[in-house]
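Here's a quick tour for anyone opening this model for the first time.

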Amino acid sequence: MSEHVLRIVPLGGVGQIGKNMMVLEYDEHLLIVDCGLMFPESDMPGIDIVIPDMAYVYERRDRVRAIIVTHGHEDHIGGLPYLLQKVEAPLYATRLTRGLIEVKLREHGLLKGATLHTVSPDDREARLDLDPFQVEFFRVCHSVPDGVGLAITTPVGLVVHTADFKFDQTPVDGRLTDFAKLAQLGQRGVHVLLSDSTNAETEGLTPSERVVGETFDRIFSRATGRIIVATFASNISRVQQVIDAAHNYGRRIGIVGRSMVNNVKMAAELGYLDISSDELLTAQEMNSLPPDQVAIACTGSQGEPTSALVRMSMGEHRQINIRPGDTVIVSATPIPGNEEFVNRTINNLFRAGAQVHYHELAQVHVSGHGGREEHKLMLNMLRPRFFVPIHGEYRHLVLHARMAEEVGIAPQDIFVIESGQVLEFGPDWGHINGQVTEGHVLVDGLGVGDVGTVVLRDRHLLSRDGFVVVVLAVDADDGQVLEGPHIITRGFVYIRESEDLIAEAAQHILAAVQHGGPRSTLGEKIKDSLAEFLYGETRRRPMILPVVMEI
Ligand SMILES: [Zn+2]
Ligand SMILES: [Zn+2]
């Protein structure tokens, strides 16, 4: 029955890092896996976050069976507030992931309207029935606790989605990747494997989180001042490591940064963090206690401009500022694109007199994603009929595909695709078939998607050479110039030192518009003559906005 086809449609995260979102579709029933965000790239001035183009889902919103979330990282949950505003479907996640989602939805005022369910990966026989899909969850280690991979039984066969994973043998929370379940799935026969490619360039195995604990131990044993550790707000295991180290060296702990405060509170309530909230230091205590009794966990490991660490490093935080003698650990590696922000922050920390430990100097962070040997182990345990590398830029996907070939999967059964490309599978076949709308939806303040390529291009122009506004009043009957031109500039030249240039520019404009001609072309004439004059004088091309008033 060839009309019964399983369609797999990645709307993000394939061919790019971030904004992971996948749609599985069978007989017009949709199952959504994850809905993440991406941080803006350096050529997106003013943009807060980037989410997937979800038009494909919006057009089918009544047929969404469920939204399944694999773990609580922003690149998997950050788009949910935007999805849930338009799609009413039940959402399934593990306890901590659900907690992290709730914190986010509450911030957006969407928690009340959402239908959230908790799932547990501990019962290996449990199946979530979302006809025509049955979903099983298996634990995977990652840099946030309670991550799961998915085994989705479909009418054409079993689909396994690894989510983000590594095979940490000594994870901080003691919960291993579920090797037994993976072996069992391999035995049942995996039709399609979708597997994380993030670290496809990294040889060997990713070190255990425990390595970070050992580094913390060394740093804590030597520091005499306050210790401040910056990491991702969702990295609950890392926060636990900070708490443990603090405890071992007689320090009390404070949390700084709104998102981390919220997450820590939630994770402690759910029992994912071993700390009681009345042990936490107040801001006042962080400043007044003897420095060798204070440890602080905070946000800002990516140098995000409004984060706690960045403000602290510049002396602009309301409560805590860096003092000489403080030790700062930046416990993360920069996400590609954030290197400059991170380096600037580290420079400022040194400037403020802190000792700074960061990833180039010490093993203060390990990746949450498995290396090449882990990829091969996953492939060998599951032995899929078809393989699709996901979560990675294009080169990561290709490298992952080559590993699949190395372990014996036929090249024609491996699909290297990018977001928006559609895969179709039957019981004994699979192919790429077409393309759906995908892309970046830019979020700026309250606007979602209203900033597009035109606005971005203007922002680039503005940021390069500034802008010039020309205001001119003409007679509505004969086109005679009655007033002006008045020239206003921003970001182009310092006007007080450029009075001659501006006066001359005004003369050029007057000369250009004097000869009349159709009124409708006045704006163009002003633009052209002024652009030519200014380029000749300054070799700059500011944006020119003519404003012609007919009186
Ligand atoms: Zn992740
Ligand atoms: Zn991820």
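Let's start with His 391, which is buried, with a relative accessible area of 6% (buried means under 20% relative accessible area, exposed over 50%, and partly exposed in between, using a 1.4 Å probe and protein chains only). Keep in mind that this is a predicted model: local features need pLDDT of at least 70, side-chain atom pairs count only at pLDDT 80 or more, and totals for chains, interfaces and linings use all residues. Residues are numbered from 1 along each chain as its sequence is written, chains are lettered from A and ligands numbered from 1 in the order in which they are written, and side-chain values use heavy atoms, with hydrogens and water left out.

- His 391 isn't a glycine, yet its phi is positive, at about 50 degrees.
- You'll find His 391 in the loop between β19 and β20 (392–393); helices (H or I, at least four residues) and strands (E, at least two) are DSSP runs, numbered from the N terminus.
- Arg 539 is another residue other than glycine with a positive phi, near 55 degrees.
- Arg 539 sits in the loop between α16 and β27, and it is exposed, with a relative accessible area of 56%.
- Asp 131 and Pro 132 are joined by a cis peptide bond, with omega about 10 degrees.
- Pro 132 belongs to the loop between β9 (128–130) and β10 (133–139).
- There's also a cis peptide bond from Gly 484 to Pro 485, where omega is near 0 degrees, and Pro 485 is in strand β26.

- Strand β13 (residues 192–196) is largely enclosed by the rest of the structure, because five of its five residues are buried.
- Val 192, Leu 194 and Asp 196 point one way from β13, while Leu 193 and Ser 195 point the other way.
- Strand β12 (residues 157–161) runs parallel to β13, and three bridges join them; two strands pair if DSSP finds at least two bridges between them.
- Across that pairing, Val 160 stands opposite Leu 193 in β13.
- Strand β19 (residues 386–390) also runs parallel to β13, with five bridges joining the two.
- Here Leu 194 has Val 388 in β19 as its bridge partner.
- Follow the chain from β12 through helix α5 (residues 179–188) to β13 and you trace a right-handed β-α-β unit (right-handed if, with the strands pointing away from the viewer, the path from the first strand over the helix to the second runs clockwise).

- Look for an open sheet of three strands in the order β26-β25-β27, with mixed pairing.
- Its edge strands are β26 (481–490) and β27 (543–550), each pairing on one side only.
- On average, neighbouring strands of this sheet are turned by 15 degrees against each other, direction ignored; axes are lines fitted to C-alpha atoms, for helices over the stretch in contact, and angles run from 0 to 180 degrees between N-to-C directions.
- Strand β25 (residues 467–474) and β26 run antiparallel and are joined by seven bridges, with Val 474 opposite Val 481 in β26.
- Helix α15 (residues 499–514) lies across β25 and β26, running at about 135 degrees to β26.
- Helix α16 (residues 522–538) packs on the sheet too, touching β25 and β27, and its direction makes about 145 degrees with that of β27 (contact means heavy atoms within 4.5 Å).

**The zinc ions**

- Asp 75 (OD), His 76 (NE2) and Asp 164 (OD) coordinate the zinc ion (ligand 2) at 2.1 to 2.2 Å; donors are N, O and S atoms within 2.8 Å of the metal (3.2 Å for Na, K and Ca), and water is not among the atoms, so sites may look incomplete.
- Asp 164 bridges the zinc ion (ligand 2) and the zinc ion (ligand 1), which lie 3.3 Å apart.
- His 76 in helix α2 (residues 74–77) and Asp 164 in the loop between β12 and α5 are 88 residues apart, so the pair links distant parts of the chain.
- Both His 76 and Asp 164 are buried.

**Cysteines**

- The disulfide count is zero, taking a disulfide as a pair of cysteine sulfur atoms within 2.5 Å.
- Cys 141 is buried, with a relative accessible area of 5%, and Cys 298 is buried as well, at 0%.
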